[in-house]
Amino acid sequence: MKKLRWVMDGDGFWEVDASTSRTLDGLARPVPGDTLPLGLSRGVRLSRPKQIDFFQRFMAAPFVPSYSGDHSHGSRGGHGFALQRVLTIPFSQNWFTSVLGQFNLQKFVAAMKGSGDKPKSASSRLQSIRRHLKDKSLYAFGLCSEILLSPDDTLLLSLDRYVEKDETRKKAVFHHKFPYHDLTVEAVWPGLFVDKGGNYWDVPFSVAVDLASVASDSGLSCHLSALHNSGSPEQFVGNGNDLVPIRLLPGLSVKGAFAYKKDFEFWRSNTPKLKMVQPYDIFLSNPHVSAAGIIGAAVTASLGDNSEKPRRLKEDFQGFRGFSFQSGAVKSAILADMFGSLLFTAQHGNFQRLFFDLTRFQARLDFPSGSKFLTGATRLAQDFVNSQQLSLDALQAVCPNTFLSFQQQIAGPFSFRVDSGIAVDLRNRYWNVRVEEPVFAIEYTLQVLGSAKAIAWFSPKQREFMIELRFFET
């Protein structure tokens, strides 16, 4: 779910992998869109088998639940309510191998109710249960192996088998840590992508190479990525009527970008913390008001079908394409543009007391296309100087993509959190502002680890529920 990319995840303007309960590995890539910046950013996180293994070992959870429902016009629906469990195979300290099993509890219960069986004794009831448990479509399995080749090199190999859908997903990921950059090479077949409308797409084969600066509070960062797709994309989950995103068509795209980030602190509390009381999260223990700004530029070069313009392209206001060059003879294109982002954070409380000692608000304004913003601002200035009515298209063009996040401690390590996008549609005369893809979550902070938490989140639009483990998230 794209959106458990919390507002500060990734520590920058790069897009990060989406969390989703529709696959065993719990990940989907964002579709690299025409709007910049980059559509691919890789970061080290615990794999899904390691997360579930942690819940089993240290949180006494025999099973980890998840849910994915059908879309209103779903082409291939979700699995419903399911339970997951991991079996680890100890080879060595540097080699983690696991078998992840998923049981479709909702389908099992529905099959029991729909069978019409009315057992009269306990033995006949057990026979009925055993008969339904033999249904292979209730199960999905994932084999994952992570090898620590060196302190800076990691190799992950995984194979997921979905019996009900008769499909197999394979993945190979290599990660290397440089002193100031992270390198990730990934091959997946098929690769799962999610677009801005919440639709999931399968690409038969996808290879990505990504080199990104290590996240920092301020300063210059750079990012270089290459993505090669082959085969015809197929909608995995969606309304069935959407066009295939052009960047998922077969071809090669190379993207390079740099950004400069500057932090500003307006206020920080000098009130002493409670003595001999450890905060539930050390990164959320200082009341403050701060802001951050990011500005950068990016260039995208594409070769293949992914460089062709789509047959139907909604462009409400022309001229918002930055610098672009397209050659139809060899199916190639180059696009360059600027981007920017503003982030505001306000926190009250030290997250030490038992009740209501943390209230946190974040707002992020993204300007994905500098040329679009400047063109719209110029048009508005001209309308104002000429005493003309302001163009709604120009006003729409200068409106940023807005994301809000609110977190409130409930009791002890438990807190409630909601993240949501805010969309402004000036052409709708009745209701200009709407909430986009909200995500509701309950967080349980693992105090003993300093900064770690178990998150149970639900997305009403995507109809997904998932429990995740996250570390060092601010």
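Where does phenylalanine 356 lie? Phenylalanine 356 sits in the loop between strand 18 and strand 19 (359-367). Helices here are DSSP runs of H or I with at least four residues, strands are runs of E with at least two, and both are numbered from the N terminus. Phi of phenylalanine 356 is near 50°, a positive value in a residue other than glycine. Most residues other than glycine have a negative phi, and most peptide bonds are trans. With 57% relative accessibility, phenylalanine 356 counts as exposed. On this scale, buried means under 20% relative accessible area, exposed means over 50%, and partly exposed falls in between, with a 1.4 Å probe and protein chains only.

A word on the ground rules. This is a predicted model, where local features need pLDDT of at least 70 and side-chain atom pairs count only at pLDDT 80 or more, while totals for chains, interfaces and linings use all residues. Residues are numbered from 1 along each chain as its sequence is written, and side-chain values use heavy atoms, with hydrogens and water left out.

**The whole chain**

The chain has five helices and 24 strands. Of its 474 residues, 46% are buried. Contact means heavy atoms within 4.5 Å. Among contacts in the chain with a separation of 6 or more, 61% are between residues 24 or more positions apart.

**Salt bridges**

A search of the whole structure turns up 20 salt bridges, each one a side-chain nitrogen of Lys or Arg within 4 Å of a carboxyl oxygen of Asp or Glu. Here are three of them.

| Pair | N to O distance |
|---|---|
| Aspartate 25 and lysine 171 | 2.7 Å |
| Glutamate 146 and lysine 50 | 3.7 Å |
| Lysine 461 and glutamate 437 | 3.6 Å |

Take the pair of aspartate 25 and lysine 171. Aspartate 25 is in the loop between strand 1 (18-19) and strand 2 (27-30), and lysine 171 is in strand 8 (residues 167-177), so their bridge ties together parts that are 146 residues apart in sequence. Aspartate 25 is partly exposed at 22% relative accessible area, whereas lysine 171 is buried at 13%.

Next come glutamate 146 and lysine 50, whose side chains meet in a salt bridge. Glutamate 146 belongs to strand 6 (residues 139-150) and lysine 50 to helix 1 (residues 48-58), so this pair links distant parts of the chain, 96 residues apart. Glutamate 146 is buried at 11% relative accessibility, and lysine 50 is partly exposed at 27%.Then there is the bridge between lysine 461 and glutamate 437. Lysine 461 is in the loop between strand 23 (452-459) and strand 24 (464-471), glutamate 437 is in strand 22 (residues 433-445), and the two are 24 residues apart. Lysine 461 is partly exposed at 45% relative accessibility, while glutamate 437 is buried at 11%. Glutamate 437 also has a phi near 50°, a positive value in a residue other than glycine.

A nonpolar core is a set of buried Ala, Val, Leu, Ile, Met, Phe, Trp, Tyr and Cys residues joined through side-chain atoms within 4.5 Å. The largest one has 15 residues, and those touching the most other members are Leu24, Ile52, Phe55, Val64, Leu100, Leu446 and Leu469. Helix 1, strand 23 and strand 24 each give two or more residues to this core, with helix 1 supplying the largest share, three residues. Setting aside neighbours within four places in sequence, phenylalanine 55 is in contact with residues including Ala60, Val64, Ile467 and Leu469.

Helix 4 (residues 370-385) has 16 residues and reaches 22 Å from its first C-alpha to its last. That is close to the expected 22 Å, where the expected span is 1.5 Å times one less than the number of residues. Gly370, Ser371, Gly376, Leu380 and Asp383 are buried in helix 4, and its buried residues pack against strand 18 (332-348) and helix 5 (392-398). Just after helix 4, serine 387 takes a positive phi of about 55°.

**Cavities and a cis bond**

On a 1 Å grid over the protein atoms alone, a cavity is a set of points where a 1.4 Å probe fits but cannot get out, and lining residues have an atom within 4 Å of a point. There are seven cavities of 30 Å³ or more. Two or more lining residues come from each of strand 2, strand 7 (153-162), strand 8, strand 9 (181-189) and strand 10 (191-194).

Finally, tryptophan 189 and proline 190 are joined by a cis peptide bond, with omega about -5°. Proline 190 lies in the loop between strand 9 and strand 10.

Technical notes
On a 1 Å grid over the protein atoms alone, a cavity is a set of points where a 1.4 Å probe fits but cannot get out, and a pocket is an open set with protein on both sides within 12 Å along at least five of seven lines; lining residues have an atom within 4 Å of a point. Grid points are joined across faces, edges and corners, and a volume is the space filled by probe spheres set on the points.
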